[in-house]
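Please keep the sequence and the three-dimensional view at hand while reading.

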Amino acid sequence: MRSIWNGAISFGLVSIPIKLVNATENHSIHFRQIHLADGGRIRYRKVCELDEEEVSGGEIGKAYEDADGTMIPITDEDLAQLPLPTAKTIEIVAFVPADEIDPLQLDTAYYLSANGVPAAKPYTLLREALKRSNKVAVAKFALRGRERLGMLRVVDDVIAMHGLLWPDEIRAPEGVAPESDVTVRDAELDLADALMDTLGEVDMDSLHDDYREAVEELIAAKASGEAVEPSESQEPGGGKVIDLIAALESSVRAAKKSRGEGQEDGEDEEAGAEGDMAEVHPIKKRAAKKTAARPKSTPKETGAKKSTASGSSTAGKTTQAQRKTTSSSAKKASGRSTTKSTAKSTAKSTARTATKSTAKSGGKTPAKGTKKTASASRKRASA
C-alpha cells in the first residue's frame, strides 16, 4: 500500500519512524454530469471574477476572506514558518481506556507502518504495551495543512490510528430528543430485549453494500445493451404503529423466521397474523349491521334437493331388492344342501339295515321285498 505521509511517533524520548497508510477506501460509484441533448461532458472551469478568464491550477493560491469580503492572501511559505511541532510527528499525549473516547469523534482510519529495520524494535514495544494495558493512545499530528487529534490502538499485529474530531467540533444534541414525556412499560422493554436476543450478533465481514452492487449491475447491463427491467419497489407503509407490543412481537417472529428458527411455545399462524396488525391504515367507520331474512331456496335448489331425495329413495329400494334376492338364493342353496345330506343319510341307513338282514338269513340274498323297500327309500330321499 502506498504511504500518504512519512514521519515519526514521539513516545516520550522514543522516536519511531513510521509511514502513514490509508486503512479505508471508498467504494462509492461516482457519476459525471452530461448534457442530455448530446451526451457531452459537463466540466467546471475555474474563471477569475475580475477578468473572466480561465486560470490553471498553478495560478491559484490561498486567501482568507474577511468578514467584509476582503481577501487576505496566505502563501505556503507563510504556513511553513508557523511553529507546528506535529508537522512531521505523531505526538502521544496520554493513554486512556478506550471507552473514554466518544464514538462521535471517530474519523478517518490509518495504518502505521514501521519505516525501516531500526523502527521494528520500538514499534513492537509500543504495540505490546498497548495490548497489555488495554488502553489507547491519544496523540496530535498534522496532516494536509492542519493539526489533528488521533487515537492509536492495536489491530491484529499493526498499530492503527483513527483521526478524531476535536471536542469543540461535536455539536450538542439540543432539541433532538422527543419533547413530550413518554412512559415505557416493562412488558415493552421485555419484548425489546427478546428482539435484541433474537437478532443476536452478526459477522461484520458478511455485511456488504447491496445498493452499490445493484448500481454496478445496472451499469453493466446498459453497457452491454441489455434491456433493464424495473425492480419491484416496496411501497412505504402509510399506517401508524398504534400497538407497540404487537409490533415488537411481530418483529421477534420475523427475526426468528429469517434465522430459520422454528416457532416456540405454541406460536401459530394465527398469532403471527395478530401481530401483523401493528401497522395499520386509518380505520374506516363500519356501517350498522342489518338483520336480513334468510333467503329461501331457489327453484333450482329445490329441484336439486328433490332429485337428490328421489335418487336416495330409488337407491334404497334397489338395495332392499338386492337383499331379498340374496336371501332367497341363500335359502335355496341351503335347501339343496340339506336334501343332499338327507339322501346320503337315508341311503347309508338302508344299506346298514340290508346288511344286518343278510347276516341274519345266513348270507343269503335278500328278498325281493327288501330290495323294493330299499329302492323306495332311495326314491323318497331323491325326491
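Two strands are said to pair if DSSP finds at least two bridges between them. Strands (E, at least two residues) and helices (H or I, at least four) are themselves DSSP runs, numbered from the N terminus. The model is a predicted one, in which local features need pLDDT of at least 70 and side-chain atom pairs count only at pLDDT 80 or more, whereas totals for chains, interfaces and linings use all residues. Residues are numbered from 1 along each chain as its sequence is written, and side-chain values use heavy atoms, with hydrogens and water left out.

The chain has 383 residues, of which 17% count as buried; here buried means under 20% relative accessible area, exposed over 50%, and partly exposed in between, with a 1.4 Å probe and protein chains only. Its secondary structure comes to 8 helices and 11 strands. A contact is defined by heavy atoms within 4.5 Å. Among the contacts with a separation of 6 or more, 62% join residues 24 or more positions apart.

Seven of them form a closed barrel in the order E1-E2-E6-E9-E8-E7-E5, with mixed pairing. From one strand to the next the twist averages 40°, where axes are lines fitted to C-alpha atoms (for helices over the stretch in contact) and angles run from 0 to 180 degrees between N-to-C directions. Strands of a sheet pair through backbone hydrogen bonds, either parallel or antiparallel.

E2 then pairs with E6 in the antiparallel sense over 5 bridges. Lys19 has Ser113 in E6 as its bridge partner, and Val21 stands opposite Tyr111 in E6. E6 is in turn joined to E9 by 5 bridges, again antiparallel, and Leu112 stands opposite Ile159 in E9. Strand E8 (residues 146-155) pairs with E9 over 7 bridges, likewise in the antiparallel sense; the bridge partner of Leu149 in E9 is Leu164.

Which residues have the most contacts inside the largest nonpolar core? They are Ile9, Ile18, Ile90, Leu112, Leu152 and Met161, in a core of 20 residues. Such a core is a set of buried Ala, Val, Leu, Ile, Met, Phe, Trp, Tyr and Cys residues joined through side-chain atoms within 4.5 Å. At least two of its residues come from each of E1, E2 (14-22), E5, E6 (106-114), helix H2 (120-133), E7 (135-143) and E9 (158-164). E7 provides the largest share, 4 residues. Apart from this core lies another of 7 residues, including Val96, Ile101, Val136 and Leu149. In soluble globular proteins, nonpolar side chains tend to be buried together.

Beyond its neighbours within four places in sequence, Ile18 is in contact with Trp5, Asn6, Gly7, Ala8, Ile9, Ile90, Leu112, Ser113, Asn115 and Tyr123.

The structure holds 1 aromatic pair, a term that requires rings of Phe, Tyr and Trp (its six-membered ring) with centres within 6.5 Å; planes under 30 degrees apart count as stacked, over 60 as edge-to-face and the rest as tilted. The pair consists of Phe11 and Phe95, edge-to-face, at 5.9 Å centre to centre and with 70° between the planes. Because Phe11 lies in E1 (residues 3-11) and Phe95 in E5 (residues 89-97), the pair ties together parts that are 84 residues apart in sequence. Phe11 is partly exposed, with a relative accessible area of 22%, and Phe95 is also partly exposed, at 34%.

Two loop residues complete the tour. Most residues other than glycine have a negative phi, and most peptide bonds are trans. Glu52, however, has a positive phi near 55°. Glu52 belongs to the loop between E2 and strand E3 (62-65) and is exposed, at 65% relative accessibility. Asn134 likewise has a positive phi, of about 55°. Asn134 is placed in the loop between H2 and E7, and its relative accessible area of 64% makes it exposed.
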